[in-house]
2 protein chains.
Amino acid sequence: MRIQVVEDILSANERIAIENQRLLDEKGVFAVNLMSSPGAGKTSLILRTIEVVRGKLRVGVVEGDIASRLDADKIEAVGVPVVQINTGGTCHLDANMVRQALEELPLDDIELLLIENVGNLICPTGFALGERLKAMIASTPEGDDKPYKYPGMFAAVDALVINKIDLLPHLDFDVATFRQLVAGLNPEARVFEVSCITREGVEGWGEWLVEITAADGE
Amino acid sequence: MRIQVVEDILSANERIAIENQRLLDEKGVFAVNLMSSPGAGKTSLILRTIEVVRGKLRVGVVEGDIASRLDADKIEAVGVPVVQINTGGTCHLDANMVRQALEELPLDDIELLLIENVGNLICPTGFALGERLKAMIASTPEGDDKPYKYPGMFAAVDALVINKIDLLPHLDFDVATFRQLVAGLNPEARVFEVSCITREGVEGWGEWLVEITAADGE
């Protein structure tokens with residue numbers, strides 16, 4: 001009985017996610033669902049990505065947070081269309097929230113849509129939004145053991161961005177060990193090492209987004 | 001109708017939490033519910049706390065994780081009774097999980113029970129476990145804007161430990177701003193600044209736990 005209820009909710013979300021994806025395809029928009037722990041650097045990576053792809057791709061952003069429109073203000077400041085979703089207490093975005101955000105975005109002027117999910121390594125994995133790509137940011141201060149603790153998220157994503165590599169000299173974080181754990185859970189995931197402070201590695205990530213967005217439109 | 005279901009689940013949890021607290025009171029155990037983002041340093045703080053309070057308080061630990069018993073192994077290695085709870089996919093501990101863990105712990109030999117919740121700044125706030133104290137760890141690399149983003153957690157706790165202060169020279173984290181934001185949401189919360197690496201500030205936190213545990217037993 002209880003499982004039945006959960007299944008119904010999930011499939012309602014799936015249905016709306018498929019509608020979102022259809023709308024985005026129609027408009028030629030490639031959407032990325034960006035997930036991470038609180039403070040891993042989702043907004044910083046979005047700002048750096050905008051810098052790298054500027055002139056090559058027109059970007060739009062959806063910001064998901066429990067509260068505040070701090071992140072949307074940062075995106076707006078660099079002249080990119082953005083919608084802030086405040087979930088109230090809900091621990092993840094869902095397809096219905098994103099559907100409402102899409103209504104407020106100039107989709108005809110957007111090729112790459114970056115959707116920043118709520119900071120949470122658990123709940124967002126269960127809710128498709130209509131994205132073409134699921135990406136996760138893992139930040140080095142969180143520790144290299146995180147794939148053991150949150151295997152569902154690490155297994156679910158198409159790309160993994162290791163952020164804050166500028167802090168590596170001050171941390172006990174073994175990149176090789178971490179990459180090996182990730183590969184064990186998800187051998188197909190593309191992995192990038194970046195610092196949103198020094199900008200190291202950010203160009204490679206951005207160029208890859210340009211490539212896959214173009215390939216998807218063909 | 002849907003709200004009704006949620007209310008029933010919550011009050012079932014509340015009922016079990018009250019039973020847990022009654023059992024813990026009977027046994028003279030002071031329980032702390034320790035919450036944070038993934039990788040903020042819950043297990044490290046537990047290990048440092050054990051060092052500080054050794055000889056003054058007998059400690060027990062409950063480790064909550066979606067998967068793995070990595071953390072329980074670290075606690076066991078320092079000779080402290082520990083039970084690992086694996087929640088499967090569930091994004092927080094609940095009172096029923098803790099009740100089962102309590103059955104496996106030598107409660108007569110424990111004065112301070114540290115319960116490490118699942119790494120998540122959202123979901124754990126809604127579920128009492130039977131604890132006397134709610135404590136949160138915020139780590140400096142997560143950024144000083146987190147109280148804006150996760151106000152529910154910051155407002156709910158009795159104590160806040162700012163961890164990884166050894167990294168401050170390498171970060172754009174303003175301790176004064178952060179403390180001001182926290183005070184705005186939760187003027188009563190006790191705030192500690194610590195580094196589990198250099199051990200700075202850890203003694204103050206541990207001594208405070210010794211004090212309040214003793215005061216509670218009187």
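This is a predicted model: local features need pLDDT of at least 70, side-chain atom pairs count only at pLDDT 80 or more; totals for chains, interfaces and linings use all residues.
Two residues are taken to be in contact here if their C-beta atoms, placed from the backbone, lie within 7 Å.

## The nonpolar core

By that criterion, and leaving aside residues up to four places away in sequence, A:Ile115 touches A:Ala31, A:Val32, A:Asn33, A:Leu34, A:Val62, A:Leu93, A:Val98, A:Leu129 and A:Glu131. The largest nonpolar core holds 124 residues, and the members that touch the most others are A:Leu113, A:Ile115 and B:Ile115.

A:Asn117 is found in the loop between strand E4 (112–116) and strand E5 (133–139) of chain A. With 29 other C-beta atoms within 10 Å, where 20 or more are required, A:Asn117 is buried. Once residues up to four places away in sequence are set aside, the contacts of A:Asn117 are A:Asn33, A:Leu34, A:Met35, A:Gly64, A:His92, A:Leu93 and A:Pro124.

## Relation of the two chains

Across the interface, 29 residues of chain B are in contact with 29 residues of chain A. On the side of chain B that touches chain A, the elements giving two or more residues are helix H5 (146–149) and helix H6 (151–156) of chain B. Of the elements on that side, H5(B) gives the most, with three residues.

A residue of the corresponding helix in chain A can be followed in detail: A:Lys149 lies in helix H5 (residues 146–149) of chain A. When neighbours within four places in sequence are left aside, A:Lys149 is in contact with B:Pro38, B:Asp65, B:Ile66, B:Ala67, B:Ser68 and B:Gly119. A:Lys149 counts as buried, having 22 C-beta neighbours inside 10 Å. Within chain A, A:Lys149 and A:Leu121 are 28 residues apart in sequence and 9.6 Å apart in space, from C-alpha to C-alpha.

## Packing of helices H2 and H8

How are H2 (residues 42–53) and H8 (residues 202–217) of chain A set against each other? These two helices pack at an angle of about 70°, and their axes are 9 Å apart. Because angles of 65 to 115 degrees count as roughly perpendicular, H2(A) and H8(A) fall into that class. The crossing of H2(A) and H8(A) is right-handed, and the contact is made by A:Arg48, A:Thr49, A:Val52 and A:Val53 of H2(A) together with A:Val202, A:Glu203, A:Trp205, A:Gly206, A:Leu209 and A:Val210 of H8(A).

In chain B, helix H2 (residues 42–53) and helix H8 (residues 202–217) pack at an angle of about 70°, with axes 9 Å apart. H2(B) is thus roughly perpendicular to H8(B), and H2(B) passes H8(B) in a right-handed crossing. The residues that meet are B:Arg48, B:Thr49, B:Val52 and B:Val53 in H2(B) and B:Val202, B:Glu203, B:Trp205, B:Gly206, B:Leu209 and B:Val210 in H8(B).

A:Val53, found in helix H2 of chain A, counts as buried with 21 C-beta neighbours inside 10 Å. Apart from residues up to four places away in sequence, A:Val53 touches A:Val59, A:Leu112, A:Gly206, A:Leu209 and A:Val210. The C-alpha atoms of A:Val53 and A:Val82, 29 residues apart along the chain, are separated by 16 Å.

## Lysine 164 in both chains

A:Lys164 lies in the loop between strand E6 (159–163) and helix H7 (175–185) of chain A, and B:Lys164 lies in the loop between strand E6 (159–163) and helix H7 (175–185) of chain B. Neither is a glycine, yet phi is positive in each. The table gives the values.

| Residue | Phi | C-beta neighbours inside 10 Å | Class |
|---|---|---|---|
| A:Lys164 | near 65° | 27 neighbours | buried |
| B:Lys164 | about 65° | 27 neighbours | buried |

Methods. Residues are numbered from 1 along each chain as its sequence is written. Chains are lettered from A and ligands numbered from 1 in the order in which they are written. A nonpolar core is a set of buried Ala, Val, Leu, Ile, Met, Phe, Trp, Tyr and Cys residues joined through C-beta atoms within 7 Å. A residue is buried if 20 or more other C-beta atoms lie within 10 Å of its own, exposed if 12 or fewer, and partly exposed in between; C-beta atoms are placed from the backbone. Axes are lines fitted to C-alpha atoms, for helices over the stretch in contact, and angles run from 0 to 180 degrees between N-to-C directions. Helices (H or I, at least four residues) and strands (E, at least two) are DSSP runs, numbered from the N terminus. Angles under 35 degrees count as roughly parallel, over 145 as roughly antiparallel, 65 to 115 as roughly perpendicular and the rest as oblique. A crossing is left-handed if the near helix is turned anticlockwise from the far one by less than a right angle, and right-handed if clockwise.
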